Amino acid sequence: MPVKYSDRILRIKPSATLSISAQAQSMKAAGKPVFSFGAGEPDFGSPASAIEAALDAIKRGETHYTLTNGIVELRQEVCHYYERRFGLKYEPAEVLVSSGAKPIIYEALQALVNPGDEVLLFAPAWVSYLEQIHLADGREAVVDTAKTGLTPTREAIEAALTNRTVGMIVNSPSNPTGAIYNEDTLRMIAGIAAKRDLWIIFDEIYERFTYAPAKHVNILNAAPEARDKTLLVNGASKAYAMTGWRIGYALGPKELISKMGAIQAHLTSNAASISQWAATGAVKSADADVDKMRDEFAKRRRVIVDLINAMPNVSTREPEGAFYVFMDVRNCPVPDDVEFCRRLLEEQMVAAVPGSAFISPGFVRFSYACSMDNIKEGMARLRKFVESL
Ligand SMILES: Cc1ncc(COP(=O)(O)O)c(C=O)c1O
């Protein structure tokens, strides 16, 4: 008898970014020199302030369940951070701490989406949004920004709305393109959301990584009146190079936060206690570490963008933030971006992620959160590969 699974799980595709990383890691384990551009994680160690706070917490015996929504100390520190960085006032009851930003977005969608409801996505869009909408039995309405400079237009958004639309996920700076939405765009998006009474999930997990003259804009700085229907999503993974600790946080209206907390209570309970203390240390005192990382990423960005744009048949737009380049491979004589990545890994041992994973076939994403040596050798191999096609 064939094994029966739910319709829900049969609709889910595995995370392409995680599976490319896994394939690259198993090639490495087999002794092959893989040049990896797959993973979306900084190659730096966690800040000393995080490690010290974690060690102190272990010694103090902070090894039990915490409040489901997170220790008050971390939620308070997140509030201080938002006030210091964006001038936004939140209180700990309006903050939820989870085991990463991934569960935050999952819980938000579970709290807001009924079966058949639609959520607007701006493509290219991060791989997990789509699957998490499906996990909530919702449907995506995709606004493609590829032809409009990676910024959605009012017309395109309005054309995608239906009477089933309940919200939108806005990601700036963007994974995978590094594009940043400016104040006018965010105000326009917030205006449409207000008119149609839609929720905005504003994922700003890369907000610390922007490259001059580009600047990150928080949607509530652009449109303060959107506060009651906006969930701000952030976390420790990217800014503090703390991916393995698994800490994400959200700030939003008390009622939504409490409903998301109710889901979390049945899912993971609290995020790991030690990790919460580590993140408290980082949010409080790791600003200098973040700036150092950002400066290093800026140098790598310059190198990788210039190397790619000097190659035949491929090109990339200058990313303004995050640590990715999204390379156009539509002029290459290969059937598609998935085949491009498969052959690049097999023939040159360079791991990158196909744009199809971001609802944008014809592109390939390279993460430059890796060493300069990896970038230089990996790009030399990429050049050999595109020249061989
Ligand atoms: C746009 C975006 N949002 C959220 C996340 C989730 O990060 P985490 O679950 O590690 O906090 C990622 C990670 O790749 C991301 O790229």
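Modeller: In this predicted model, the centres of domain 1 and domain 2, taken over C-alpha atoms, are separated by 25 Å.

Colleague: Which parts of the chain belong to each domain?

Modeller: Domain 1 is made of 7-45 + 288-388, while domain 2 covers 48-285.

Colleague: How many residues of domain 1 are in contact with domain 2?

Modeller: The size of an interface is often given as the accessible area lost when the parts come together. Here we have a count of contacts instead, in which 34 residues of domain 1 are in contact with 32 residues of domain 2. On the side of domain 1 that touches domain 2, at least two residues each come from α1 (7-11), α2 (16-29), α13 (287-309), β10 (324-328) and β13 (363-367), and α13 gives the largest share, seven residues. Sorted by class, that side of domain 1 has 18 nonpolar, seven polar and nine charged residues.

Colleague: What does the radius of gyration say about the chain?

Modeller: The idea is to compare the chain with a compact globule, and because such a globule of 389 residues would have a radius of gyration near 21 Å, the 21 Å of this chain agrees with it. Of the 389 residues, 51% are buried.

Colleague: Which residues are closest to the ligand?

Modeller: The ligand is surrounded by 13 residues, and the closest are Gly100, Ala101, Lys102, Asn175 and Ser237. By class, the shell around the ligand holds three nonpolar, eight polar and two charged residues.

Note on methods:
Residues numbered from 1 in each chain as written. Predicted model: local features only at pLDDT ≥ 70, side-chain atom pairs only at ≥ 80, totals over all residues. Near = placed C-beta within 6 Å. Nonpolar A, V, L, I, M, F, W, Y, C, P; charged D, E, K, R; others polar. Rg over C-alpha atoms; globule rule 2.2 N^0.38 Å. Buried ≥ 20, exposed ≤ 12 C-beta atoms within 10 Å, placed from the backbone. Domains from an automatic or database assignment. Contact = placed C-beta atoms within 7 Å. Helix = DSSP H or I, 4+ residues; strand = E, 2+ residues; numbered from the N terminus.
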